Amino acid sequence: MAADRTAPLFLPCAGGAEALLAEEIARLLPGLRLDAQRGGVALHADIIDTMRLNLESRLAQRVLVEVAEGAYRDEDDLYALARTVDWTRWLTPRETLKVDTTAQRSPLRSLNFAALRIKDAVCDALREASGERPSVDTHRPDLPLLLHLGSERATLYVDTSGAPLFKRGWREDKGDAPLKETLAAAMLAAAGWRGTAHEGGALHDPCCGSGTIAIEAAQIACGIAPGLRRRFAFERLAPFTAPAVRAAWQRLKDEAVQRAHASAVPIFASDVSFRMVDFARRNAERAGVAEAIRFNGGDALERPAPELPAALPGTLMVNPPYGERIDPKGSRAPRADAALHAGDGAQRQAADDFFPRLAAHWKRAYTQHPAGWTAWVLSPDMKLPGRMRLKEARRVPMWNGPIECRLFRFDLVAGSMRGDR
Ligand SMILES: C[S@@+](CC[C@H](N)C(=O)[O-])C[C@H]1O[C@@H](n2cnc3c(N)ncnc32)[C@H](O)[C@@H]1O
């Protein structure tokens with residue numbers, strides 16, 4: 001990657017978030033041609049924009065620079081493909097590398113062996129150029145490489161991010177089923193929530209767990225770049241260590257720091273578990289948004305709706321407890337005594353009651369607000385609207401890792417429950 005030229009990039013993202021990622025990139029880097037593909041977005045960008053994408057993208061999992069692409073049938077073809085790259089521009093023998101592999105319908109039997117052949121190609125190239133070989137470091141390599149194998153073609157990337165971008169550097173405390181930060185950001189993007197009175201209004205997560213949704217939302221509302229509190233692999237890669245590029249990186253970070261401002265809309269987060277609220281509060285402090293979020297303990301089935309100015313709409317954004325045991329009061333009950341007395345069947349029944357009760361509570365507490373509340377619920381249960389007796393206004397396909405989900409939108413207006421009609 002040369003400072004004065006563009007290179008092909010691929011930014012992978014959660015399944016279902018490709019179009020949202022393309023919209024995000026178009027906002028960050030207007031005027032570039034973007035190709036939203038299955039699993040990510042391809043584009044050409046220069047070295048500064050590569051750093052900017054690492055710093056600013058909330059939806060991308062990584063920023064990959066494509067260094068070689070071609071047809072392959074066996075591991076020798078992969079070795080030959082990797083030898084087409086001038087590796088002396090990326091690392092010296094004193095540095096370390098690591099090769100990860102992903103595959104879709106690849107005919108190869110061993111992905112480990114494929115990775116080994118790429119590693120051999122890089123090491124041989126450096127040995128021929130300098131007489132020494134770099135070594136492998138699987139934990140903190142200087143040069144992380146990613147090999148993607150399709151059925152007939154292979155692509156080799158330099159991973160400029162290193163640790164995946166959902167690792168923002170602030171979530172040290174987490175509960176049982178935390179959302180990836182990138183997925184929380186995708187939920188907000190799908191809802192069109194941008195942290196202003198006109199784009200989503202106030203935000204409330206009544207089952208906040210470690211606070212991922214509220215913290216992502218607060219950073220958006222405060223203009224805080226998601227990558228400000230972490231490091232990236234590119235910071236140690238040769239093309240990015242040229243003085244002019246380093247200076248540009250410092251400028252990007254300075255601009256991001258100066259951009260931060262107070263949130264224009266209130267953000268609320270609560271959870272029935274006080275321990276979770278405490279976790280969420282500490283995470284918010286690390287993320288620089290503790291002031292922007294009002295935390296509370298409380299049962300989502302009982303808490304009154306947050307009070308809002310009459311003209312300000314509200315957005316409920318929930319990743320509800322799912323497949324967990326929930327007792328009728330809403331608190332999770334993996335307690336030995338409860339299991340003994342209630343039995344598994346009774347607890348299952350209580351869990352089944354949670355969603356209709358949540359919907360009934362929303363109808364009582366959230367439909368009176370003049371500017372209205374809109375609820376967005378992420379769930380793997382395709383029949384959730386029926387179980388809540390609510391008609392969804394939208395269902396957006398989204399993958400939570402390997403789990404296919406829908407983000408359901410419910411407009412909470414008086415009479416919105418099916419049973420009321
Ligand atoms: C799937 S987790 C949410 C994870 C969260 N999005 C995160 O990233 O950490 C569901 C949360 O709902 C909470 N919960 C369960 N029943 C509840 C209730 N009745 N009221 C409020 N919160 C509840 C649990 O304590 C748990 O933290």
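The shell around the ligand in this predicted model divides into twelve nonpolar, seven polar and four charged residues. In this division Ala, Val, Leu, Ile, Met, Phe, Trp, Tyr, Cys and Pro count as nonpolar, Asp, Glu, Lys and Arg as charged, and the others, Gly among them, as polar. Of the 23 residues around the ligand, Leu179, Ser210, Thr212, Asp271 and Ala300 come nearest, a residue being near if one of its heavy atoms lies within 4 Å of the molecule. On its own the ligand has 600 Å² of accessible area, of which the protein covers 97%; accessible areas come from the Shrake-Rupley method with a 1.4 Å probe, and for residues only the protein chains shown count as cover.

Residues are numbered from 1 along each chain as its sequence is written, and side-chain values use heavy atoms, with hydrogens and water left out. As the model is predicted, local features need pLDDT of at least 70 and side-chain atom pairs count only at pLDDT 80 or more, whereas totals for chains, interfaces and linings use all residues.

The largest nonpolar core holds 125 residues. A nonpolar core is a set of buried Ala, Val, Leu, Ile, Met, Phe, Trp, Tyr and Cys residues joined through side-chain atoms within 4.5 Å; buried means under 20% relative accessible area, exposed over 50%, and partly exposed in between (1.4 Å probe, protein chains only). Trp87, Leu145, Val289, Ile293, Trp362 and Met398 touch the most other members of this core. Helix 4 (residues 111-130) supplies its largest share, eight residues; helices (H or I, at least four residues) and strands (E, at least two) are DSSP runs, numbered from the N terminus. A second, separate core has five residues, including Phe10, Ala42, Leu64 and Tyr157. With residues up to four places away in sequence not counted, Val289 touches Ile215, Ala218, Gln219, Cys222, Ile224 and Ala284, where contact means heavy atoms within 4.5 Å.

Helix 2 (residues 47-56) is largely enclosed by the rest of the structure, because eight of its ten residues are buried. These are Ile47, Asp49, Thr50, Met51, Leu53, Asn54, Leu55 and Glu56. Their cover includes strand 1, helix 1, strand 3, strand 4 (64-71) and helix 7.

In helix 1 (residues 18-28), the buried residues are Glu18, Leu20, Leu21, Ala22, Glu24 and Ile25. They pack against helix 2, helix 5 (181-190), strand 1 (7-12), strand 2 (35-37), strand 3 (40-45) and strand 14 (394-400). Leu252 belongs to helix 7 (residues 243-259) and, at 7% relative accessibility, counts as buried. Apart from residues up to four places away in sequence, Leu252 touches Ile48, Met51, Arg52 and Leu55. Between Leu252 and Ala189, 63 residues apart in sequence, the C-alpha to C-alpha distance is 23 Å.

Several loop residues were also examined. Arg105, in the loop between strand 5 (96-103) and helix 4, has a positive phi of about 55° although it is not a glycine. With a relative accessible area of 67%, Arg105 is exposed. Arg389 also has a positive phi of about 55° without being a glycine; this residue lies in the loop between helix 10 (384-388) and strand 14. The relative accessible area of Arg389 is 43%, so this residue is partly exposed. Thr92, in the loop between helix 3 (75-83) and strand 5, is partly exposed at 28% relative accessibility. Thr92 touches Leu126 and Pro134, not counting residues up to four places away in sequence.
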